[in-house]
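Subject: Handing over the two-chain model

Hello,

Please read it with the structure open beside you.

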Amino acid sequence: MTYKDILDSLPYSEPFLFVDEILSVSEEAIKGTYTFQPDAFFYRGHFKGNPVTPGVILTECMAQIGLVCFGIYLLREETISKKTTFALSSNEMEFYIPVYPGEKITVVSEKIYFRFQKLKCKVRLMNEKKELIALGTLSGMILNANNLK
Amino acid sequence: MTSEEIYSQLQPIITTYLPEDVSINEINIESDLTRELNINSAHLVDIILDIEDAFNIEFKNDDIEKLRTVNDAVSLIKQKTL
């Protein structure tokens, strides 16, 4: 499975796609990047006259790279069908420094376990200066359409 | 281990993952974990992993497909701890 195959399998599109590039992936970890576009919709309201990337968007970016891209890779032996759905099941996140419009970030996600369709990872987010922006644990389920809960 | 002994160890594990609006009194041997106790699929996995640690056993994907009720869990544990 190539990096492009992973990106092509993603179920997101603009304005809610937060993955540009996969840098590396293995059975144990994935690394990817995203650049926050200065004209992104959420900067208009967060905050008034002072655009800062919302924590929920940073978490979403970490989940898209760290759980969904990673999950697609880990499942590669099995078929990812159009009916496959990804659901964030829990997140525990600490944020250290803000991310401003136009910044390029790197997400590194390390597998804690992947069992019975549940992927749990330790995920970190860094800026171009390699400063730690956010660190936490994310879990998600990979579900089939007939088992949506 | 008897079914009663298994149940007494299993009940606190399930309790940990009960949604806030489901009372501990609603757990009984016949309870359907997802339909009646309203445990979501992610927490069902947590319960399975906690059972593995508590009873020192390992579940396979096939086992999980049979797991619907508290009693199914007790039977599976009984079978695996023989």
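A:E28 counts as exposed because it has 10 C-beta neighbours inside 10 Å, where a residue is called buried if 20 or more other C-beta atoms lie within 10 Å of its own, exposed if 12 or fewer, and partly exposed in between, with C-beta atoms placed from the backbone. This is a predicted model, in which local features need pLDDT of at least 70 and side-chain atom pairs count only at pLDDT 80 or more, while totals for chains, interfaces and linings use all residues. Residues are numbered from 1 along each chain as its sequence is written, and chains are lettered from A and ligands numbered from 1 in the order in which they are written.

A:E28 sits in the loop between strand 1 and strand 2 (29-35) of chain A; helices (H or I, at least four residues) and strands (E, at least two) are DSSP runs, numbered from the N terminus. Although A:E28 and A:K111 are 83 residues apart in sequence, they are 5.4 Å apart in space, C-alpha to C-alpha. Once its neighbours within four places in sequence are left aside, A:E28 is in contact with A:E110 and A:K111, contact meaning that the C-beta atoms of two residues, placed from the backbone, lie within 7 Å.

A:T2 and A:F95 are 93 residues apart in sequence and 32 Å apart in space, C-alpha to C-alpha.

Next comes the sheet. In chain A, 6 strands form an open, antiparallel sheet in the order 1-2-4-5-6-3, and two strands are said to pair if DSSP finds at least two bridges between them. The edge strands, each pairing on one side only, are strand 1 (21-25) and strand 3 (85-95) of chain A. Strand 5 (residues 118-126) and strand 6 (residues 132-143) of chain A run antiparallel and are joined by 9 bridges, and the bridge partner of A:K118 in strand 6 of chain A is A:M141.

Elsewhere in chain A, UniProt places the feature "transmembrane region" at residues 56-75, in an unreviewed entry; UniProt positions are given in the numbering used here, feature names are shortened, and annotations may be inferred rather than shown by experiment. Over residues 56-75 of chain A the chain is 95% helix and 0% strand, with the end C-alpha atoms 26 Å apart.

Where the chains meet, 9 residues of chain B are in contact with 9 residues of chain A. Helix 2 of chain B gives the most to the side of chain B that touches chain A, with 5 residues.

For B:S41, the unreviewed UniProt entry lists "modified residue: O-(pantetheine 4'-phosphoryl)serine". B:S41 lies in helix 2 of chain B and counts as partly exposed, because it has 18 C-beta neighbours inside 10 Å.

With best wishes
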